[in-house]
Amino acid sequence: MRAYLIRFIKFGFYPIGLALTLAFIYLNTQKLLGNPKQAYTIYLIAVIGTMLLLEWTMPARPDWAMTWRSFFRRDVPMMLANGAALACTTSGLTALTQWIGVGTVSNTHWLPWWGQACAAILISDFLWYWVHRYSHEGQGRFGQWMWKTHVAHHLPKQVYVFMHAAGHPINGVYVRAILMLPPVFLGFSTEAIFAAAVLTGFQGLVSHFNVNVRAGYFNYIFMGTELHRYHHSAALGEGKNYAAVVTIWDQLFGSFDYHPGSMPESLGVHEPEAYPESAEMVRILLIPFK
C-alpha cells in the first residue's frame, strides 16, 4: 500500500496541486469562497501542512530534511528578518504607487484578469531571471555584491518547504520590488495581481519540496521541484534554472538544466569554507557589507 501511495505522490502531487491552486485562484477571484483573505489563509495552511506531512513521512533525501535545530536556529530567524523587510518594502512600494498613480504606462483592462495574470508572471519572471542570473554570473564589483546579497539562500545543504525563507533581507527587498512593481505600473487588476502572486508562491514552495515528485512535461512550462533542486546543487555547472515560475526564459537563453529522474549529489555552495554556516545569522547579514 505504501508503495502505491509513494508512486501516486511522485506522479500526482504536482499536477493535482497545480490544478487545485488554479481552481482556488479562480474561485477566490470570483468571490466564491467568502472572505478572500481568510480563504487564502486556509489555502496556505492546507498546502504547507500537506507538504510538511509528506516531507516528514517520505522525504526524497533524509539528509535534506528539516530538523528542529535548522528550524529554530535558521528558518525562524530568517522568516522574522525577511518578513519585516518584506512588510516594510510592500508598505513603501504601495505608498509610492499611490503617490505617483498606478497604471501610468498603459491601460491593460482590455485583457481579461487571467490574461493580465499571465502577462504579470511572464514580465516579472523575465526581470527576475536576469537579476537572478546576474547574481550568480555577474562580474565586477556590482556582480560580486549581488552574489553577496543572494548567497544566503544557497548556504543551506538541504531543500525543504521552510528553507524557501532562507535568504538575505536585501535580496528579499529587490525580489519583492521585481514581483510587485511591473504589474502595478502596467495597471493590472487586483484579481490579476492576486492570481500571479498565488501561483508564484505555490511554485516557490514546490521548488524547495523535499519529496521525490515528478512533473514530467510540466517541467517545460513551470519551474518546479526537479529543476530548482539542481539550481541548489553544489557542483559547478549545475546551478542554473534561474527563473522562478516558468521555464521559458531558461530555455530561450540557454540555462535550462533538466535531469529527469535524478537528483544532485550535494547541495549548497561550491566553496563552503569561504562563507559562514547557514545558521550564523549575524555573520550572514554582514556578508554584503564586506
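This tour visits a helix, a surface patch, a pocket, a cavity and several salt bridges in turn. The structure is a predicted model.

**Stop 1: helix α4 and the nonpolar patch**

Begin by selecting α4, residues 113-137. At least two residues of the patch come from each of α4 and α9 (248-252). The largest share belongs to α4, which gives five residues.

Now centre the view on Leu 127, a residue of helix α4. Leu 127 has a relative accessibility of 37% and therefore counts as partly exposed, since that class lies between 20% and 50%.

**Stop 2**

Remain on the helix and select Glu 137 and Arg 133. These two residues form a salt bridge, and their closest N and O atoms are 3.0 Å apart. Why are Glu 137 and Arg 133 separated by about one helical turn? The reason is that they stand four residues apart in helix α4.

**Stop 3**

Select His 136, Trp 147, Leu 236, Gly 239 and His 270, which lie nearest the centre of the second largest pocket. In total, 24 residues line this pocket. Two elements, α4 and α5 (140-150), each give two or more residues to the lining. The pocket has a volume of about 500 Å³. Its lining consists of seven nonpolar, 13 polar and four charged residues.

**Stop 4: the cavity**

How many cavities of 30 Å³ or more does the structure hold? There is one, and the volume of the largest cavity is about 30 Å³. To display its lining, select Asn 212, Val 213, Arg 214, Glu 226, Arg 229, His 259, Gly 261, Ser 262 and Met 263. Of these lining residues, two are nonpolar, four polar and three charged.

**Stop 5: further salt bridges**

The structure has five salt bridges. Select Arg 61 and Asp 63, which form one of them with closest N and O atoms 3.0 Å apart. Arg 61 counts as partly exposed at 21% relative accessibility, and Asp 63 is partly exposed with a relative accessible area of 47%.

Finally, select Asp 75 and Arg 74. They form a salt bridge whose closest N and O atoms are 3.3 Å apart.

Terms used:
Residues numbered from 1 in each chain as written. Predicted model: local features only at pLDDT ≥ 70, side-chain atom pairs only at ≥ 80, totals over all residues. Heavy atoms only, no water. 1 Å grid on protein atoms, 1.4 Å probe; cavity = no way out; pocket = protein on both sides within 12 Å on 5 of 7 lines; lining within 4 Å. Points joined across faces, edges and corners; volume = space filled by probe spheres on them. Nonpolar A, V, L, I, M, F, W, Y, C, P; charged D, E, K, R; others polar. Buried < 20%, exposed > 50% of the residue type's maximum accessible area, 1.4 Å probe, protein only. Salt bridge = Lys/Arg side-chain N within 4 Å of Asp/Glu carboxyl O.
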